[in-house]
Amino acid sequence: MTVHRPNTPIEWARKACDSLMDTYAAGSLPPAHRWHYHQGVFLCGMELLWEAVQEERYIQYIQEYVDDLVDEQGNFYFARDELDAVQAGLLLFKLYERTGAAKYRIAADKLRNLLLTLNRTSEGGYWHKDKYPYQMWLDGLYMAGVFSLKYANAFGETGLRAEVLRQEKLMRKHMKDGRTGLLYHAWDESRRMPWADPQTGCSPEFWGRSLGWYGLALAKFLDLLPDDEPGRNELANALQGFVDALIRYQDRESGLWYQVVDKGDRPDNWLETSGSCLFVYTIVKAVQRGIADEEAVSAAKKGYEGLTRVVEWDEEGRLVLPDICIGTSAGDYDNYATRPKVKNDLHGVGAFVMACVEMESLLNRSENKPNVHV
């Protein structure tokens, strides 16, 4: 069938959301009827789209997902031993603000209190999951950090801000590579994992999507922290350096980034879309804050155009995002290079929606009034 390709980033975001809404009832988003970050990331993208276009069907779909799982007393089943379980809690704040229903506040309180029970490294860094003892993963900074700042802003627990900044600082301390400016996927304080460098404790590779989670977290933190928060300028500087590093490793031909970001010359490495989406989002946010230059604008546009070029369509004319890496643990190069690729995985489509919404904002910004708020 003939497919009408969207003309603007916001149309691409709409098409992505509408395609999955046409495929799944909200509660059936995979993994069906589960409180899970895959649905959380996709629906966070949808919430950004809703904020931009104010079409009620989007926020209603988000509420349908949450209400499928959270009962009127705020009870719901979620994993009690991992940071990933916190991410979908980002959906609770807007629903509580709109409806005033106590169930959303109660559910948010439960996720906040989960953070009190998590195991930590000797310096106070959250273990990513109990089954990964003494390990910090880049993924976790986004999974729990953005929720923590939203909770602080909504309910006045301002001490969470310093906690979030401490988690980020620990990751930079232990996981940032001075040569590339990138951060390793994971760090094992115990040095017991087979992948852990005996000197540094780091995993050996720079995995795209984990770096994408890190960039997304930094950008969101700057949105949510007060202007006078101690450590804010340090965070902005970290984002600036991180964006500079990302641009250096962008594939010049496709505009995308490789699964293992710094090893695009290897024949078994491949261009991965979910990480590329998160990088475009991160770069655009840095530009909007005036901490990235015109080179970054060009990189973001090239990345966005590269993503729209690889989009496929199914027989019903629905959008299909290919080449998304499935969920992945830390490991060596072969671990990442051989991971299966899937289509329309929710956290890939969610990242695509986020990138498109922010790209629309970038293209519409007034060149005479750049946002230089850091």
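Helices (H or I, at least four residues) and strands (E, at least two) are taken here as DSSP runs, numbered from the N terminus. By this scheme, A286 belongs to helix α10, which covers residues 273-288. The structure is a predicted model, in which local features need pLDDT of at least 70 and side-chain atom pairs count only at pLDDT 80 or more, while totals for chains, interfaces and linings use all residues. Residues are numbered from 1 along each chain as its sequence is written, and side-chain values use heavy atoms, with hydrogens and water left out.

With a relative accessibility of 0%, A286 counts as buried; the term means under 20% relative accessible area, whereas exposed means over 50% and partly exposed lies in between (1.4 Å probe, protein chains only). Contact means heavy atoms within 4.5 Å. Once neighbours within four places in sequence are set aside, A286 is in contact with L239, V243, I291 and A292. A219 is 67 residues from A286 in sequence, yet the two C-alpha atoms are 7.2 Å apart in space.

The packing of helix α1 comes next. Axes are lines fitted to C-alpha atoms, for helices over the stretch in contact, and angles run from 0 to 180 degrees between N-to-C directions. Helix α1 (residues 9-23) and helix α13 (residues 346-364) have axes that come within 7 Å and cross at roughly 155°. This makes α1 roughly antiparallel to α13, given that angles over 145 degrees count as roughly antiparallel, under 35 as roughly parallel, 65 to 115 as roughly perpendicular and the rest as oblique. On the α1 side, the contact is made by P9, I10, W12, A13, A16, C17 and L20, and on the α13 side by L346, V349, F352, V353, C356, V357, M359, E360 and L363. Of the residues in this contact of α1 with α13, 15 are nonpolar, none is polar and one is charged. In this division Ala, Val, Leu, Ile, Met, Phe, Trp, Tyr, Cys and Pro count as nonpolar, Asp, Glu, Lys and Arg as charged, and the others, Gly among them, as polar.

Helix α1 also packs on α2, at an angle of about 130° and with the axes 10 Å apart. The two helices, α1 and α2, are therefore oblique to each other, and their crossing is left-handed. Here I10, A13, R14, C17, L20 and M21 of α1 meet F42, M46, L49, A52 and V53 of α2. The contact of α1 with α2 divides into ten nonpolar residues, no polar ones and one charged.

What lies over the buried part of helix α4? In α4 (residues 90-99), the residues L90, L91, L92, F93, K94 and L95 are buried, and their cover includes α2 (37-53), α3 (56-69), α5 and α6 (138-155). Just after α4, G100 takes a positive phi of about 70°. H128 sits in the loop between α5 (102-117) and β1 (135-137) and is buried, with a relative accessible area of 2%. Not counting residues up to four places away in sequence, H128 touches E82, L83, D84, Q135, W137, D139 and G140.

Charged pairs complete the picture. Side chains of opposite charge can pair when their charged atoms come close. A salt bridge is a side-chain nitrogen of Lys or Arg within 4 Å of a carboxyl oxygen of Asp or Glu, and the whole structure holds 25 salt bridges. One of them joins R166 and E163, at 3.0 Å from N to O. Both R166 and E163 lie in helix α7 (residues 159-175), three residues apart, about one turn of the helix. R166 is partly exposed at 35% relative accessibility, whereas E163 is buried at 16%.

Another salt bridge joins E234 and K169 at 3.7 Å, N to O. This pair links distant parts of the chain, with E234 in helix α9 (residues 232-248) and K169 in helix α7, 65 residues apart. R365 and E294 also form a salt bridge, with the closest N and O atoms 3.9 Å apart. R365 lies in the segment after α13 and E294 in helix α11 (residues 294-310), so the pair ties together parts 71 residues apart in sequence. R365 is partly exposed at 28% relative accessibility, while E294 is exposed at 55%. Finally, R14, D18, E55 and R57 are linked in a network of salt bridges.

Key: Left-handed = near helix turned anticlockwise from the far one by under 90°.
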